[in-house]
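Biologist: Can you walk me through this one? I'd like to start where two of the chains meet and go on from there.

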Amino acid sequence: MTERTFMAGFGGQGIISLGMLWVYCAMKEGLEVTFFPFYGAEKRGGIARASVVVSSAEIASPLVTSPDSSIVMNEDSLPICEGVARTGSVMLINSSLVKSRPSRKDLCVVEVPCVELAEEIGDAKIANMVMMGALSAATGAVMLDHLESVLKSFFPETKHKFIPLNVRAIEAGQMAVAQKVSA
Amino acid sequence: MEVVYGHPKSLKPIQTKYCPGCGHGAIHRLIAEAVDELGVQDRAIIMNPVGCSIWADLYFDFDSVQVPHGRTPAGATGVKRMRPDHLVICYQGDGDLAAIGTAEIVHAANRGEKFTTIFVNNAIYGMTGGQMAPTTLVGQKATTAPHGRDPDGAGMGYPIRVSEMLATLGGTKYIARGSVDSAINVRKTKHYIKRAFEAQLRGIGFTMVEILSPCPTNWQMSPPQAADWVASDMIPFYRLGEIKNELVEGGGA
Amino acid sequence: MAEEKRLMKGNEAIGEAAIRAGCDAYFGYPITPQNELTAYMARYMLDSGRVFIQAESEIAAMSMVYGAAAAGGRAMTSSSSPGVSLKQEGISYACGADIPCVVVNVARAGPGLGGISPAQGDYFQSTRGGGHGDYYHIVLAPKSVQEAADLTYEAFGLAEKWRMPVMILADGLIGQMMEGVVLPAAVDPGARPDRPWCAGGRAGLAREANHVSSCILDPAGLEASVRARFERYERIAAERTRFEAVNVEKADLILVAYGTAARVCLGAIQAAAKEGLELGLFRPISLWPFPKDELARLAKAGKRFLTVEMSMGQMVEDVRLAVNGTVGGAVAAVDFFGRCGGVIPSEEEVLAEAKRIVDAMNASTAEPRSGSARR
């Protein structure tokens, strides 16, 4: 199993922490991981992207140029993700902020209203955690089980009080995809 | 019978390659005497710079490290940080310290690196053959200032009073300027060197002794003329004495 | 027992490995994309009572390394390409004075200020003795965060054994990316080799004064010194040449790449395998000494090579030198594909280039071609 994910959004949406936590959880589940973030000053500034690979075998290129899954967190990122996505790959769209849809018909598009779901739980800032739950449910690459203990080892002690909130956000994302698939 | 004057133990009993009337020999001797008197020959390290005193490792009978031109204070920083209980002597000429190594001396001094810089100021480049130094006096001739140093007209700038400049930095604790042009100044200079070394061994901070030194060859003078020129031309511009002394509580210049 | 796997940035893993290798002193100057390494060292070196200095320049930082190592310490500096150019002065002196130390280059794209994206344009500078004079030093190129940690850890001992700077040539991707890493155990400080040549510590020893210097003004004396060093280089080449070979016996076409480019090539090889095409990978780990004998052996066995670099073609010259004259007296075919300026070649374009060469080989009209990105 190898899951190559391309994540894109703007600075402040938590793309970097999403990618980092995703590979951390994967590592705890015994997978090989690589996470390469990059942020540039191009186009209105604050672009945040990440190449993320999790695999049961040694990972070749850390650069995701033909993703198995892509995460579109804002409108600007859609054409970028659509341009690189592999045929038949999963595209998770943050439908709270992204109003356009890809013109390509060979992608498996899943809409996740990350911001609304996060606000329902209590904080719009954890929209990225909702998306991580969705990525888990849509790809099955990282199971995100034993979440609580994994988050405890990831976050410093001072942030532990936010763990239940993060767990609920991740579960809401998983649920949102499960409902879509069964619907 | 007590021996009151002899060859310092820390100086090898060989003749130096320095020119007749050059100040390096006398300065080497003062350093060696101070090292012997403090009993630290076996834990003294001299940083020998690029310049005439690149030969220093031939003459001093203690360990030495030779570094790139101007990087002497950076090299001394590395040595002293690894060997804080050693006496580290950073020997520099005016090209090494005041031109190519300006950044290194300013920042080592400002960090308060606990070594002692011996800054030999002869107002000329010696080893490369008499080019203008940052410390060359206005009007003084050099191969690269054939009509004399012209600060404004030819854009050669002014001689730099390094000691006064470094004295403004918080990390510097003791800065003195001596000279080896006369017996009395040699004695005073020895006193400054020993005071700086003692301060270093107590771990006080950055210490430096600038020493005005004759270079008869490149000044194109006889040794006596050169010594006289230090007194008549250099000392009026480069004031002798303790420029900064914060070695004791409340101590000052 | 091995430690638990940790998720770390390459830059941080290099720092932690250096600390565990017993690095006594670190000197650096900020430059992207290696800043995490300097910050990591600032935090952990000072806390453990070791030496950390943010120097006034890369030039000064390298001379501080020189001084600290000359005084017997395990010393290290790190930078990225423009800063490593500045360090070349001190590296040349360290090579001339036989001073062991570790220099890390988290390379970025040049020339000049260039960009901050990953590149491999510093190969020539690293492997040819980047400063003035006749010398080389060991250069190790990691492909992953794990290998960056392992090679850095090992570099200190290698530097001491062979009395020379050891350079870790990484790039911005290896420095910035996060991967799982199992860190080596901290070395026993008592297990270090003696440094009878170093400055300081003379008290109680009946030895002459030590003079650490690269200055030999007598031409015959300097020649003898350089020649002795080159004899040592021969021994290093015999003992320390390192490479990784993947599927090189089965494949007719072997991709030759190091560091990040090798990871991309591995991806291309895996993609090719899915299409039933056998490709090999030859990855030099020691860029100096370069694994030329093994490449020559493969050339003699009739292999062809495609060198892939994040530059306009630097290592390819070593590949060509290695296989030169090995195929019936003619130069074996060595193609090149590269991207530069901070652009990382994609698996897809490497695979396309490999297929083009394989097709040409099958058509028996294979000739190395030239194109905008080929040489």
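Modeller: Keep in mind that this is a predicted model. Strand β2 (residues 63-66) of chain B and β9(C) run parallel and are joined by two bridges.

Biologist: Which residue of β9(C) stands opposite B:V65?

Modeller: C:V212 of β9(C) stands opposite B:V65.

Biologist: What sheet is that part of, and in what order do the strands come?

Modeller: An open sheet of eight strands with mixed pairing. The order is β7(B)-β5(B)-β6(B)-β4(B)-β3(B)-β1(B)-β2(B)-β9(C).

Biologist: And which are the edge strands?

Modeller: β7 (241-245) of chain B and β9 (211-212) of chain C, each of which pairs on one side only.

Biologist: Which strands does helix α7 of chain B touch?

Modeller: Helix α7 (residues 183-201) of chain B packs on the sheet and touches β3, β4, β5 and β6 of chain B. Its direction makes about 160 degrees with that of β5(B).

Biologist: What about helix α1 of chain B, where does it lie?

Modeller: Helix α1 (residues 24-38) of chain B lies across β1 (44-48), β3 (87-93), β4 (116-121) and β6 of chain B. Relative to β4(B), helix α1 runs at about 160 degrees.

Biologist: Back to the contact between the chains. How many residues of chain C are in contact with chain B?

Modeller: 33 residues of chain C, against 27 residues of chain B. On the chain C side, β3 (51-54), α3, α4 and β9 each supply at least two residues. The largest share is that of α3(C), with nine residues.

Biologist: What's the split by class on that side of chain C?

Modeller: There are 18 nonpolar, 11 polar and four charged residues.

Biologist: You mentioned α3 and α4 of chain C. At what angle do they pack?

Modeller: Helix α3 (residues 58-70) and helix α4 (residues 81-96) of chain C pack at an angle of about 30 degrees, and their axes are 8 Å apart. Angles under 35 degrees count as roughly parallel, so α3(C) is roughly parallel to α4(C). The crossing of α3(C) past α4(C) is right-handed.

Biologist: Which residues make the contact?

Modeller: From α3(C), they include C:I59, C:M62 and C:Y66, and from α4(C), C:L86, C:I91 and C:Y93 are among them. By class, the contact has eight nonpolar, three polar and three charged residues.

Biologist: How do β5 and β7 of chain C pair?

Modeller: Strand β5 (residues 101-107) of chain C pairs with β7(C) in the parallel sense over seven bridges. C:A107 stands opposite C:D171 in β7(C).

Biologist: How is chain C divided into domains?

Modeller: Domain 1 is 6-199 + 227-239 and domain 2 is 244-362. Their C-alpha centres lie 27 Å apart. The contact takes 26 residues from domain 1 and 22 residues from domain 2 of chain C. On the domain 1 side, α5(C) gives the largest share, four residues.

Biologist: And chain A? How far apart are the closest C-alpha atoms of chain A and chain B?

Modeller: They lie 33 Å apart, and no contact joins chain A and chain B. With chain C, 16 residues of chain A are in contact with 17 residues of chain C. The largest share of that chain C side comes from α9(C), with five residues. By class, the chain C side divides into seven nonpolar, five polar and five charged residues.

Biologist: Which chains share the most contacts?

Modeller: Chains B and C, of the two pairs of chains in contact.

Technical notes: Residues numbered from 1 in each chain as written. Chains lettered and ligands numbered in written order. Predicted model: local features only at pLDDT ≥ 70, side-chain atom pairs only at ≥ 80, totals over all residues. Pairing = 2+ DSSP bridges. Contact = placed C-beta atoms within 7 Å. Axes fitted to C-alpha atoms, helices over the stretch in contact; angles between N-to-C directions. Parallel < 35°, antiparallel > 145°, perpendicular 65-115°, else oblique. Left-handed = near helix turned anticlockwise from the far one by under 90°. Nonpolar A, V, L, I, M, F, W, Y, C, P; charged D, E, K, R; others polar. Domains from an automatic or database assignment.
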